[in-house]
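Q: Please go through the labels used for this model and set each one against its cut-off. Where a label rests on a number, give the number.

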Amino acid sequence: MLNALEIVTTVLVGLMVGVELSVAFVINPILNALPDDSSQRGRSHGGRMLGAVMPVWYIGSLVLVAVWAIVGRHHDGTGLVTIAGALLVLSVVMSLLLLVPINNRGKTWTAENRPEDWKEQMNRWDRFHYVRVAVIVAAFTLLVTALA
């Protein structure tokens, strides 16, 4: 049972990391290279789509890591799992305090109603997102190490 939980949790966190890496280093650079209207529209659509899915993924991953830490508390690697869980908590807090407010504004923008500083706000979101990606990559690395 514990082995299945470890594998499922690690795969789900790994997939989440892959999506977030893709957003940071593939999708957003592509969107940023498009003309203003297309770039902003793409980011708004992405904000609506991923904004609906990622909270469930982040919280679900955190819950699975917490269960792993509790169920496996007498096994090797529990300390690594606990630290990974703390990093996932940090990523959720960062999301709620830093990224979600920008995303919530951005997903409602159109060419007609976007603020003049919309590019600056998107750049701020990108910077926060890079830090969040580093945090979840570290959490994923700890989970993989705990499996060894």
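A: Start with R43, which has a relative accessible area of 10%. Buried means under 20%, exposed over 50% and partly exposed in between (1.4 Å probe, protein chains only), so R43 is buried. The model is a predicted one: local features need pLDDT of at least 70, side-chain atom pairs count only at pLDDT 80 or more, and totals for chains, interfaces and linings use all residues. Residues are numbered from 1 along each chain as its sequence is written, and side-chain values use heavy atoms, with hydrogens and water left out.

Q: Which residues does R43 touch, not counting those up to four places away in sequence?
A: R43 touches N28, L31, N32, M122, W125 and D126. A contact here is a pair of heavy atoms within 4.5 Å.

Q: What makes D126 and R43 a salt bridge?
A: The term requires a side-chain nitrogen of Lys or Arg within 4 Å of a carboxyl oxygen of Asp or Glu. For D126 and R43 the N to O distance is 2.7 Å, so the pair meets the cut-off of 4 Å. D126 lies in helix α4 and R43 in helix α2, so the bridge ties together parts that are 83 residues apart in sequence. D126 is also buried, at 7% relative accessibility.

Q: How many salt bridges does the structure hold?
A: The structure holds 3. One of them joins R132 and E20, 3.5 Å from N to O. R132 belongs to helix α4 and E20 to helix α1, so this pair ties together parts that are 112 residues apart in sequence. Both ends are buried: R132 has 7% relative accessibility, and E20 has a relative accessible area of 4%.

Q: How do you know which helices and strands to count in the protein?
A: Helices are DSSP runs of H or I with at least four residues, strands are runs of E with at least two, and both are numbered from the N terminus. By that rule the protein has 4 helices and 0 strands, in the pattern α-α-α-α along the sequence.

Q: Why is the F25 and Y130 pair called stacked?
A: A search of the whole structure finds 1 aromatic pair. Its rings, those of F25 and Y130, are 5.5 Å apart centre to centre, with 20° between the planes. Rings of Phe, Tyr and Trp (its six-membered ring) pair if their centres lie within 6.5 Å, and planes under 30 degrees apart count as stacked, over 60 as edge-to-face and the rest as tilted.

Q: What makes F25 and Y130 members of a nonpolar patch on the surface?
A: A patch takes residues with over 30% relative accessible area and no salt bridge; nonpolar side chains (Val, Leu, Ile, Met, Phe, Trp, Tyr) are joined within 5 Å, and like charges within 9 Å. F25 is exposed, at 53%, and Y130 is partly exposed, at 38%. I27, another member, is partly exposed, at 37%. Helix α1 supplies the largest share, 5 residues.

Q: What is called a nonpolar core, and which members of the largest one touch the most others?
A: A core is a set of buried Ala, Val, Leu, Ile, Met, Phe, Trp, Tyr and Cys residues joined through side-chain atoms within 4.5 Å. The largest has 20 residues, and W68, V81, L88 and L143 touch the most other members. Two or more residues come from each of α1, α2, α3 and α4, with α2 giving the most, 6 residues. A second, separate core of 7 residues includes L99, W109, W118 and W125.

Conventions:
Areas by Shrake-Rupley, 256 points an atom, 1.4 Å probe, with all protein chains shown as cover.
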